[in-house]
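Here is a friendly walk through a model of two chains and the places where they touch. Take a look at the structure first, and then read on.

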Amino acid sequence: MRHLFTAWLVGLLFGAGLALGGMTLPAKIVGFLDVTGAWDPSLLFVMGGAVGAYALLYRLITRREGPLFDAKFQVPTSRRVDRRLVAGSLLFGVGWGLGGFCPGPALTSLATGATEVVTFVAAMLGGMLLFRVYESALARRRENALHAWEVKQS
Amino acid sequence: MDWMLSLAGGVLIGAASALLLLFNGRIAGISGIVGGVLAPARGEVAWRALFIAGLVSAGGLFLLFAPEAMPTRAEDFGGRSFAMLVAAGLAVGFGTRLGSGCTSGHGVCGIGRLSPRSLAATGAFMLTGLVTVLVVKLVMGGAA
């Protein structure tokens with residue numbers, strides 16, 4: 001149960017950090033990405049503070065055997081830069097520049113009940129579900145191709 | 001003065017992310033946290049739902065005590081049409097799942113541990129982010 005309370009608490013602190021840093025305002029995000037216009041460096045300071053704090057604390061925390069309220073650390077181990085990673089990130093960036101929102105700030109801003117935020121979040125969830133469909137379709141194609149190959153071999 | 005608030009906000013984000021690692025052993029990647037709710041696995045939904053509830057709670061608190069930090073007015077959205085927001089959301093939703101992360105997962109946690117994948121991912125979304133803003137500016141005749 002404690003791990004559920006800590007999840008909520010961490011979400012609260014994270015959201016507070018986003019709002020405090022101005023990341024819940026699309027104008028600040030777009031202002032940062034608007035390199036040819038009146039540049040807003042806020043995001044740089046937010047990222048700098050975040051990465052700095054995390055980098056330091058990460059090293060300390062991972063010296064432990066495991067987390068406090070769960071069985072083990074679940075940190076990705078792959079180091080491979082593949083097509084999916086790059087394609088997905090490029091696409092995400094387009095959406096980010098178009099809307100001025102990424103997942104964290106969008107969810108935090110749901111508290112306002114603004115139609116724009118709800119629209120974005122609904123579409124974002126839609127996009128994520130579409131990805132699941134795409135993944136399943138891909139998996140099925142691979143399975144069919146493998147089966148066909150196996151039949152050919154026999 | 002503004003930059004100090006931004007830095008403070010960032011440090012809070014970094015610290016919160018570190019606490020998620022310490023308490024729950026997880027990477028604070030929002031797209032992954034949401035994704036895990038949509039593709040539910042046993043024992044994986046409750047903590048994610050609570051984390052998201054925490055985000056919204058923070059938004060609520062700021063709305064009450066510091067509403068200027070929250071997007072409440074039409075102009076906060078820079079004249080973005082419904083169509084643009086839908087396209088943006090779809091791209092962010094699909095893209096973050098395909099790319100295995102977003103600004104928090106890759107940009108903060110990934111870079112924080114010097115992951116080559118996250119460095120590449122962050123470079124990629126920063127690039128298309130700024131190009132997209134440029135294109136929108138040219139097409140719409142003014143930035144948000």
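## A helix and its surroundings

Helix 5 of chain B is followed by Leu114(B), which has a positive phi near 55°. Please keep in mind that this is a predicted model.

Helix 5 of chain B spans residues 103–112 and is mostly covered, with 9 of its 10 residues buried. The buried residues of this helix are Thr103(B), Ser104(B), Gly105(B), His106(B), Gly107(B), Val108(B), Cys109(B), Gly110(B) and Gly112(B). What do they pack against? From chain A, the partners are helix 1, helix 3 and helix 4. From chain B, they are helix 1 (2–24), helix 2 (30–38) and helix 6 (116–140).

## The interface

Now for the contact between the two chains. The area buried between chain A and chain B is about 9,200 Å², and carbon and sulfur atoms give 78% of it. On the side of chain A, Phe14(A), Tyr54(A) and Leu98(A) lose the most area to chain B, together 9% of what that side buries.

The counts for this interface are gathered here.

| Item | Value |
|---|---|
| Contact residues from chain A | 101 residues |
| Contact residues from chain B | 102 residues |
| Salt bridges between chain A and chain B | 3 salt bridges |
| Polar contacts across the interface (both residues at pLDDT 80 or more) | 16 residue pairs |

One of the salt bridges joins the side chains of Arg117(B) and Asp82(A), at 3.7 Å from N to O. Which elements of chain A give two or more residues to the side that touches chain B? They are helix 1 (2–20), helix 2 (26–33), helix 3 (42–61), helix 4 (83–99), helix 5 (103–109) and helix 6 (115–153) of chain A. Sorted by class, that side of chain A has 62 nonpolar, 28 polar and 11 charged residues.

## A closer look at Phe92(A)

Phe92(A) sits in helix 4 of chain A. Is Phe92(A) buried or exposed? Its relative accessibility is 0%, so Phe92(A) counts as buried.

Leaving aside neighbours within four places in sequence, Phe92(A) is in contact with residues of both chains. From chain A, these are Cys102(A) and Pro103(A). From chain B, they are Ala91(B), Val92(B), Gly95(B), Thr96(B), Gly101(B), Cys102(B), Thr103(B) and Phe125(B). Thr103(B) is also one of the buried residues of helix 5 of chain B. As for Cys102(A), it lies 10 residues from Phe92(A) in sequence, and the two are 8.4 Å apart in space, C-alpha to C-alpha.

Technical notes:
Residues numbered from 1 in each chain as written. Chains lettered and ligands numbered in written order. Predicted model: local features only at pLDDT ≥ 70, side-chain atom pairs only at ≥ 80, totals over all residues. Heavy atoms only, no water. Contact = heavy atoms within 4.5 Å. Buried area = accessible area lost by both parts, 1.4 Å probe. Salt bridge = Lys/Arg side-chain N within 4 Å of Asp/Glu carboxyl O. Polar contact = N/O pair within 3.5 Å; in protein donor to acceptor, adjacent residues only side chain to side chain. Helix = DSSP H or I, 4+ residues; strand = E, 2+ residues; numbered from the N terminus. Nonpolar A, V, L, I, M, F, W, Y, C, P; charged D, E, K, R; others polar. Buried < 20%, exposed > 50% of the residue type's maximum accessible area, 1.4 Å probe, protein only.
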